[in-house]
Amino acid sequence: MILKDMVVLITGSTRGIGREMALEFAREGAKVILNGRHDLANDLKEQLEQENADYRYLQADLAETNLKEFVTDAWNCFGKIDILVNNAGITKDKMFISMKEADFDQVINLDLKIPFFLSKEMIRKMNRQKSGLIINMSSIVGLHGNMGQSNYATAKAGLIGFTKSVAKEAALRHIRVNAIAPGMIDTDMTENLSDRVKENIVKQIPLGRLGETNEIARTAIFLAQNDYITGQTIVVDGGMTI
Ligand SMILES: NC(=O)c1ccc[n+]([C@@H]2O[C@H](COP(=O)([O-])OP(=O)(O)OC[C@H]3O[C@@H](n4cnc5c(N)ncnc54)[C@H](O)[C@@H]3O)[C@@H](O)[C@H]2O)c1
């Protein structure tokens with residue numbers, strides 16, 4: 001897939017992995033629709049302008065938005081969407097024994113159910129154009145589990161099964177569905193960890209460092225450019241789960 005003039009919608013793209021994906025797709029010549037909960041920050045606006053990005057910004061808290069209207073608004077930005085990246089995600093870590101139902105529900109809602117609804121609305125529209133790509137942001141935690149993250153692991157494992165099943169259904173109309181499972185990437189999500197925890201994690205990574213957001217963004221570009229890959233979960237973790 002040549003990315004020039006392709007339209008990409010990335011949820012939760014004002015910081016971290018999503019932000020870097022938006023910039024990297026723009027560098028490749030794609031038109032980008034960003035989403036965040038607040039006004040678009042000046043520094044991101046400036047960065048997008050520096051990249052000569054053709055972009056739109058959709059302000060929406062996905063947990064409180066009519067997702068059908070959100071997809072329609074996104075579609076109408078450029079009259080089509082070629083790639084949806086279900087990137088927005090949260091963690092609410094607690095040991096399982098003290099995890100409240102609300103901690104479980106909130107994470108399942110944002111990290112699993114919202115990608116379900118967005119993908120469904122998107123595929124309905126992509127079916128008519130007979131092409132498209134959905135990238136679901138999973139995690140190595142969805143493959144291997146993690147202490148204190150039973151809610152997050154459930155959502156991210158769910159996304160992998162979801163990716164495989166929808167890939168089988170959507171292939172008929174040339175729509176591909178893939179997932180990326182990052183290890184520990186240096187973002188606000190991992191910023192909250194103490195230095196001691198981070199040091200211990202780095203010790204378990206054969207490549208000896210946390211990953212960078214650009215390494216995940218380049219994986220999304222790779223998936224966008226390879227028309228024969230579908231139903232896959234690409235692990236990008238510095239060897240952490242070998
Ligand atoms: N950082 C990592 O090590 C890592 C590892 C594996 C998977 N992931 C996954 O990658 C994705 C991006 O993670 P990140 O590290 O950039 O996280 P981050 O916390 O820096 O960014 C998450 C983004 O989601 C947005 N978001 C959260 N709730 C939202 C809502 N209700 N509506 C709209 N947007 C909302 C946030 O505003 C933010 O832009 C997530 O799905 C995460 O689970 C991250």
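This is a predicted model: local features need pLDDT of at least 70, side-chain atom pairs count only at pLDDT 80 or more; totals for chains, interfaces and linings use all residues.

Residues are numbered from 1 along each chain as its sequence is written, and side-chain values use heavy atoms, with hydrogens and water left out.

Around the ligand there are 29 residues, of which D61, N87, Y152, I185 and T187 come nearest; a residue counts as near if one of its heavy atoms lies within 4 Å of the molecule. By class, this shell holds 13 nonpolar, 11 polar and 5 charged residues, where Ala, Val, Leu, Ile, Met, Phe, Trp, Tyr, Cys and Pro count as nonpolar, Asp, Glu, Lys and Arg as charged, and the others, Gly among them, as polar.

A nitrogen atom of the ligand lies 2.9 Å from a backbone N or O atom of L62, an oxygen atom of the ligand is 3.0 Å from a side-chain N or O atom of K156, and a backbone N or O atom of G183 is 3.3 Å from an oxygen atom of the ligand. Of the 820 Å² of accessible area that the ligand has on its own, the protein covers 96%, with areas taken from the Shrake-Rupley method with a 1.4 Å probe. The elements that give two or more residues to the shell are α1 (16-27), α6 (150-170) and α7 (188-191), and α7 gives the most, with 3 residues; helices (H or I, at least four residues) and strands (E, at least two) are DSSP runs, numbered from the N terminus.

Elsewhere, residues including F116, R124, F162 and R173 line the second largest pocket, to whose lining α4 (101-129) and α6 each give two or more residues. The most come from α4, with 6 residues, and the lining as a whole has 6 nonpolar, 2 polar and 4 charged residues.

The structure also holds 17 salt bridges, each a side-chain nitrogen of Lys or Arg within 4 Å of a carboxyl oxygen of Asp or Glu. One of them joins the side chains of R15 and D188 (3.4 Å, N to O). Because R15 lies in the loop between β1 (7-10) and α1 and D188 lies in helix α7, this pair ties together parts that are 173 residues apart in sequence.

Note on methods: A polar contact is a pair of N or O atoms within 3.5 Å; within protein, one must be able to donate a hydrogen and the other to accept it, and residues adjacent in sequence count only if both atoms are side-chain atoms. On a 1 Å grid over the protein atoms alone, a cavity is a set of points where a 1.4 Å probe fits but cannot get out, and a pocket is an open set with protein on both sides within 12 Å along at least five of seven lines; lining residues have an atom within 4 Å of a point.
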